[in-house]
Amino acid sequence: MKVLKKSFFTFVILFLCNSAILSQVVYEPLYEDVYNFLRRINQKGIIEFDDLIRPLPRKYISDKLLEADSLSSQLTSLERDELKFFLKDFYHERWLSEGNNKQTEHLDYFGFDPADRWRMFSYGGD
């Protein structure tokens with residue numbers, strides 16, 4: 001009986017802790033060009049970008065790219081082209097922040113994703 005109570009208590013604790021677990025943070029690798037792009041437009045005073053501690057979460061970078069997109073009139077034509085490319089790369093982060101009801105779920109192998117980028121594997125959904 002004592003073992004049964006201990007097992008039940010352990011099960012309840014694990015169940016309660018499991019409900020608080022969310023997805024893990026995905027970091028952008030240090031060698032990616034998006035860091036240089038965001039640093040350049042930060043130096044121009046267009047956005048505020050803190051990259052002292054890296055790698056940064058993809059969600060943070062996506063938010064900064066969207067901020068730069070809202071101020072794209074201050075960018076040169078080359079910077080707008082770069083921004084368009086990076087926004088395609090961060091499509092899934094934008095998709096999640098905008099809400100899943102605006103996009104359809106997808107699963108693609110060796111093809112183009114909804115952002116029109118070729119990928120070996122692409123999935124978007126809950």
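## The model and its overall make-up

The model is predicted, so local features are given where pLDDT is at least 70 and side-chain atom pairs count only at pLDDT 80 or more, while totals for chains, interfaces and linings use all residues. Residues are numbered from 1 along each chain as its sequence is written, and side-chain values use heavy atoms, with hydrogens and water left out.

The secondary structure comes to five helices and two strands, and from the N terminus on the elements run α-α-α-α-α-β-β. Here helices (H or I, at least four residues) and strands (E, at least two) are DSSP runs, numbered from the N terminus. Of the 126 residues of the protein, 29% count as buried, where buried means under 20% relative accessible area, exposed means over 50%, and partly exposed lies in between (1.4 Å probe, protein chains only). Among the contacts (heavy atoms within 4.5 Å) with a separation of 6 or more, those between residues 24 or more positions apart account for 46%.

## The nonpolar core

A nonpolar core is a set of buried Ala, Val, Leu, Ile, Met, Phe, Trp, Tyr and Cys residues joined through side-chain atoms within 4.5 Å. The largest such core has 17 residues, of which Leu38, Ile41, Ile61 and Leu65 touch the most other members. The elements that give two or more residues to this core are α2, α3 and α4 (77-89), and α2 gives the most, with five residues.

Ile41 lies in helix α2 (residues 34-43) and counts as buried because its relative accessibility is 0%. Leaving aside neighbours within four places in sequence, Ile41 is in contact with Ile46, Ile47, Ala68, Leu75 and Glu79. Ile41 and Gln74 are 33 residues apart in sequence, and their C-alpha atoms are 9.5 Å apart in space. For Ile61, with neighbours within four places again left aside, the contacts are Glu28, Val34, Tyr35, Leu38, Leu56 and Phe90.

## Helix α2 against α3

Two packed helices are described by the angle between their axes and the distance between the axes. Axes are lines fitted to C-alpha atoms, for helices over the stretch in contact, and angles run from 0 to 180 degrees between N-to-C directions. The axes of α2 and α3 (residues 58-70) come within 11 Å and cross at roughly 45°, which makes α2 oblique to α3; angles under 35 degrees count as roughly parallel, over 145 as roughly antiparallel, 65 to 115 as roughly perpendicular and the rest as oblique. The crossing of α2 with α3 is left-handed, a term used if the near helix is turned anticlockwise from the far one by less than a right angle, with clockwise giving right-handed.

From α2 the contact is made by Val34, Tyr35, Phe37, Leu38 and Ile41, and from α3 by Ile61, Lys64, Leu65 and Ala68. By class, this contact has eight nonpolar, no polar and one charged residues, where Ala, Val, Leu, Ile, Met, Phe, Trp, Tyr, Cys and Pro count as nonpolar, Asp, Glu, Lys and Arg as charged, and the others, Gly among them, as polar.

## Helix α4 and its two partners

Helices α2 and α4 pack at an angle of about 135° with their axes 11 Å apart, so α2 is oblique to α4, and the crossing is left-handed. Val34, Phe37, Arg40 and Ile41 of α2 make the contact with Glu79, Glu82, Leu83 and Phe86 of α4, and these residues divide into five nonpolar, no polar and three charged. Glu79, in helix α4, is buried, with a relative accessible area of 8%, and apart from neighbours within four places in sequence Glu79 is in contact with Phe37, Ile41 and Lys44.

The axes of α3 and α4 come within 10 Å and cross at roughly 145°, and this crossing is left-handed. Arg58, Leu65, Leu66, Ala68 and Asp69 in α3 meet Leu83, Phe86, Leu87 and Asp89 in α4, a contact that divides into six nonpolar, no polar and three charged residues. Leu83 is buried, with a relative accessible area of 2%, and, neighbours within four places in sequence aside, Leu83 is in contact with Phe37, Leu65, Ala68, Asp69 and Leu75.

## A cis peptide bond

Most peptide bonds are trans. In this model the bond from Arg54 to Pro55 is cis, with omega near 10°, and Pro55 has its place in the loop between α2 and α3.
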